[in-house]
Amino acid sequence: RQGLSAAAARGAAAARQAVRRPQPGTMLTLFDALPGLLEDRAPPGPDAVEGVLAKLAATVRGGPELLPRLARAGVVDAGALGMYALFEGLFRHLAGRMEGCRPLTETFAGWLAVREAFQETAAREYCIDAVIRAPRGGDPLAGLEGAGRSLVTGRDGDLVKIHLHTAARA
């Protein structure tokens, strides 16, 4: 039988491998923290769920310390926030503690709106989201290095999903 903590560790490793340039302070940091907060055989019980969620919330709030752009904007990472919301609902449901659920606006007060003073030059970029057929062997992404940023990939057999942002329309 697979332990929950071990499964979370494998999931964190897989998520990190799917991102070409993993960044601290994102949902990856939340995934990295999760295995250490879970017991091997079961999700957090009624007595432990509040502590686990407090540590996950602190991990999300720590994101701006790791990503200067988030700190300047005064916000937490949206992906980490979304994963916190998912895990809060899941763990509370499994522990039978839904009555303690608080709005994200309360849990992350002061971290959900971009500061008025935050200025960023708008970059004209295109979002590429594609699935290609690429037999195993070789690197189907070799020509994409440097083609854009935020490259995320995933493989299922001979299908490779590619997501990236680029200024080059072609």
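Me: What do the buried residues of H6 pack against?
Reply: The buried residues of H6 pack against H2, H3 and helix H7 (104-107). Buried means under 20% relative accessible area, exposed means over 50%, and partly exposed lies in between (1.4 Å probe, protein chains only). Contact means heavy atoms within 4.5 Å.

Me: Before we continue, what kind of model is this?
Reply: This is a predicted model, in which local features need pLDDT of at least 70 and side-chain atom pairs count only at pLDDT 80 or more, while totals for chains, interfaces and linings use all residues. Residues are numbered from 1 along each chain as its sequence is written, and side-chain values use heavy atoms, with hydrogens and water left out.

Me: What does the secondary structure come to?
Reply: The protein has seven helices and three strands. From the N terminus on, the order of the elements is α-α-α-α-α-α-α-β-β-β. Helices (H or I, at least four residues) and strands (E, at least two) are DSSP runs, numbered from the N terminus.

Me: And the overall figures: what does the C-alpha trace span?
Reply: Along its principal axes the C-alpha trace spans about 55 × 50 × 20 Å. Of the 170 residues in the protein, 31% are buried. Among contacts with a separation of 6 or more, 66% are between residues 24 or more positions apart.

Me: Back to H6. Which of its residues are buried?
Reply: The buried residues of H6 are Gly79, Ala80, Leu81, Tyr84, Phe87, Glu88, Phe91, Arg92 and Ala95. H6 itself has 18 residues and reaches 26 Å from its first C-alpha to its last, close to the 26 Å expected at 1.5 Å a residue. The expected span of a helix is 1.5 Å times one less than its number of residues.

Me: How do H3 and H6 pack?
Reply: Helix H3 (residues 49-61) and H6 pack at an angle of about 180 degrees, and their axes are 10 Å apart. H3 is therefore roughly antiparallel to H6. The axes are lines fitted to C-alpha atoms, for helices over the stretch in contact, and angles run from 0 to 180 degrees between N-to-C directions. Angles under 35 degrees count as roughly parallel, over 145 as roughly antiparallel, 65 to 115 as roughly perpendicular and the rest as oblique.

Me: Which residues make the contact between H3 and H6?
Reply: From H3 the contact involves Val49, Glu50, Val52, Leu53, Leu56, Ala57 and Val60, and from H6 it involves Ala80, Leu81, Tyr84, Phe87, Glu88, Phe91, Arg92 and Ala95. The residues of this contact of H3 with H6 divide into twelve nonpolar, no polar and three charged. Here Ala, Val, Leu, Ile, Met, Phe, Trp, Tyr, Cys and Pro count as nonpolar, Asp, Glu, Lys and Arg as charged, and the others, Gly among them, as polar.

Me: Which residues of H3 are buried, and where do they sit around the axis?
Reply: In H3, Val49, Val52, Leu53, Leu56, Ala57 and Val60 are buried. They cover an arc of only 135 degrees around the axis, so they are on the same side of H3. The arc is that of the directions from the helix axis to the C-beta atoms. The buried residues of H3 pack against H2, helix H4 (63-66), H6 and H7.

Me: Changing topic to H1: which residues are buried there?
Reply: Ser5, Ala8, Ala12 and Ala15 are buried in H1. Seen down the axis of H1, its buried residues fall within an arc of 80 degrees, so they line one face of the helix. They pack against helix H2 (27-37).

Me: Why would residues three or four places apart point the same way?
Reply: An α-helix has 3.6 residues a turn, so residues at that spacing point the same way.

Me: Last one: is Gly11 buried or partly exposed?
Reply: Gly11, which lies in helix H1, counts as partly exposed because its relative accessibility is 37%.
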